[in-house]
Amino acid sequence: MYRDPTFHLKECQHTSKPTQTHETETELVPQSSDKTLYCEAEPPPTVEKVKPAQENSETDLEIEDEKFFTTGPKELYLEACKLSNTAVTKLELEDNCIMEEGVLSLVEMLQENYYLQEMNISNNHLGLEGARIISDFFERNSSSIWNLELSGNDFKEESAAPLCQALSTNYRIKKLDLSHNQFSDIGGEQLGQMLAINVGLTSLDLSWNNFHTRGAVALCNGLRGNVTLTKLDLSMNGLGNEGAVALGEVLRLNSCLVYLDVGGNDIGNEGASKISKGLESNESLRVLKLFLNPISMDGAILLILAIKRNPKSRMEELDISNVLVSEQFMKTLDGVYAVHPQLDVVFKAVQGLSAKKTIFLLTNPMKLIQNYADQHKITVMDFFKSLNPTGTMKMSVDEFQKVMTEQTKVPLNQYQIKEVIKKLDEKTGMVNFRSAQALRRSPFSARGPGWANVSSPSCPIYTLLLGASPTRLFPACQGQALLSTLLLIPNSLV
């Protein structure tokens with residue numbers, strides 16, 4: 001669970017006390033930032049009042065005991081929820097069997113609380129009644145909650161109507177998770193109508209539902225006119241090639257969507273072709289995930305060539321990680337990288353690639369640059385500076401990636417260039433060539449200091465795998481996987 005807090009409370013527990021004639025007050029003491037407020041309760045004769053700790057807007061409330069909602073009196077539940085009324089901004093209630101009465105109490109609490117910003121009530125099997133109660137509350141636009149997680153709540157088709165009615169007018173909720181529910185095509189139609197007029201949502205997760213062609217077309221129709229949604233997850237549905245046609249139209253017309261996940265949707269080469277048409281003119285999308293679809297290398301080529309033909313494409317990641325590609329595909333991809341150096345295409349492996357070429361792909365790029373520098377009697381920093389038109393020691397990552405792709409002094413593939421960037425990147429969007437000085441004193445590793453470079457024939461494990469003679473290379477299909485795995489072996493094991 002992601003947390004942003006600097007202050008949390010833990011183990012505040014209402015317990016039964018001997019009969020008292022007055023109420024006891026207990027101060028809550030601020031704790032360290034890795035702790036969270038938990039509340040458990042059994043119905044006591046009298047209830048202790050707990051004074052909230054000093055206000056802090058970065059505190060989470062996490063309630064995990066299932067019996068809390070089924071046996072505790074409503075008043076006690078409300079009191080617990082309001083313990084840190086002005087301090088709690090994130091409420092975690094996932095997997096608690098809240099039921100209808102619990103949702104009613106929760107909404108009553110929310111009417112009193114204007115500080116909560118994020119709420120997770122996933123996996124509580126709320127069903128239709130729960131959807132209605134929540135929808136009635138959020139339709140009023142009276143809450144400050146912007147992140148709402150409702151995954152795994154047995155929402156079926158009939159639950160879509162009240163939720164969509166609320167979201168059609170609610171402009172405060174920015175991030176919504178409706179994954180792992182049972183929405184199908186009727187739900188897709190209602191969600192599509194909502195998306196056409198919603199002006200608040202920026203992120204929507206609809207993965208692991210039951211949308212098919214009809215639902216996909218309806219959703220895409222809504223996305224055409226949507227001007228706020230930037231992230232959409234439709235993975236693990238059943239859009240198929242027909243749904244991909246609608247997606248292609250969305251990519252052609254929509255100028256807001258930045259992240260689109262349609263993995264596991266039975267989209268084949270025909271669907272990839274339709275999506276490619278959209279990529280040819282899209283200027284906003286940066287991430288497209290198509291993994292676990294029956295796309296072959298032919299479909300993959302259509303996708304990357306579409307990106308290449310679009311000079312205004314902003315694509316940074318194309319995930320086709322279940323696709324086996326060929327050396328010819330790699331050559332085509334190099335041409336795409338030359339036009340769009342920011343792009344990263346994730347595929348399964350290179351089919352038929354010889355072990356020698358596999359080793360070359362993994363060769364230490366800094367070693368190659370160092371060899372060039374030694375041959376020309378210059379320093380590595382001089383080499384990098386010569387690529388910078390300004391002649392300075394710093395350069396933007398995008399510009400550096402482009403010049404490294406275009407330079408011919410030390411030919412590198414895109415994977416090697418990315419490794420160089422990792423080593424020089426200051427995490428500010430700039431690379432610093434001075435970082436190369438320290439690298440010369442430590443062995444190359446894609447995973448940082450302390451890891452062995454087994455690409456070298458002098459490495460014992462390399463010799464162990466290849467046999468006594470380094471010329472006895474293992475099969476190419478095994479070579480890439482083995483070498484990739486061995487790059488993660490610590491020096492202590494070599």
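Axes here are lines fitted to C-alpha atoms, for helices over the stretch in contact, and angles run from 0 to 180 degrees between N-to-C directions. This is a predicted model, in which local features need pLDDT of at least 70 and side-chain atom pairs count only at pLDDT 80 or more, while totals for chains, interfaces and linings use all residues. Residues are numbered from 1 along each chain as its sequence is written, and side-chain values use heavy atoms, with hydrogens and water left out.

**View 1. Overview of the protein chain.** The chain contains 19 helices and 15 strands, which are DSSP runs numbered from the N terminus (helices H or I, at least four residues; strands E, at least two). Of its 494 residues, 49% count as buried, meaning under 20% relative accessible area with a 1.4 Å probe, protein chains only.

**View 2. Packing of helix α13 on helix α14.** Helix α13 (residues 365–375) and helix α14 (residues 380–387) pack at an angle of about 95°, with their axes 8 Å apart. That angle makes α13 roughly perpendicular to α14, a class that covers 65 to 115 degrees, whereas angles under 35 degrees count as roughly parallel, over 145 as roughly antiparallel and the rest as oblique. Met-366, Ile-369, Gln-370, Tyr-372 and Ala-373 of α13 meet Val-380, Phe-383 and Phe-384 of α14, where contact means heavy atoms within 4.5 Å. The residues of this contact between α13 and α14 divide into seven nonpolar, one polar and no charged; Ala, Val, Leu, Ile, Met, Phe, Trp, Tyr, Cys and Pro count as nonpolar, Asp, Glu, Lys and Arg as charged, and the others, Gly among them, as polar.

**View 3. Packing of helix α6 on helix α7.** The axes of α6 and helix α7 (residues 213–225) come within 7 Å and cross at roughly 5°, and the two helices are therefore roughly parallel to each other. The residues of the contact of α6 with α7 divide into seven nonpolar, five polar and three charged.

**View 4. Surroundings of Asn-147.** Asn-147 is found in strand β6 (residues 147–149) and, at 5% relative accessibility, counts as buried. Leaving aside neighbours within four places in sequence, Asn-147 is in contact with Gln-117, Glu-118, Met-119 and Lys-175. A polar contact of 3.0 Å joins the side chains of Asn-147 and Glu-118; such a contact is a pair of N or O atoms within 3.5 Å, and within protein one must be able to donate a hydrogen and the other to accept it, with residues adjacent in sequence counting only if both atoms are side-chain atoms.

Terms used:
Buried means under 20% relative accessible area, exposed over 50%, partly exposed in between (1.4 Å probe, protein chains only).
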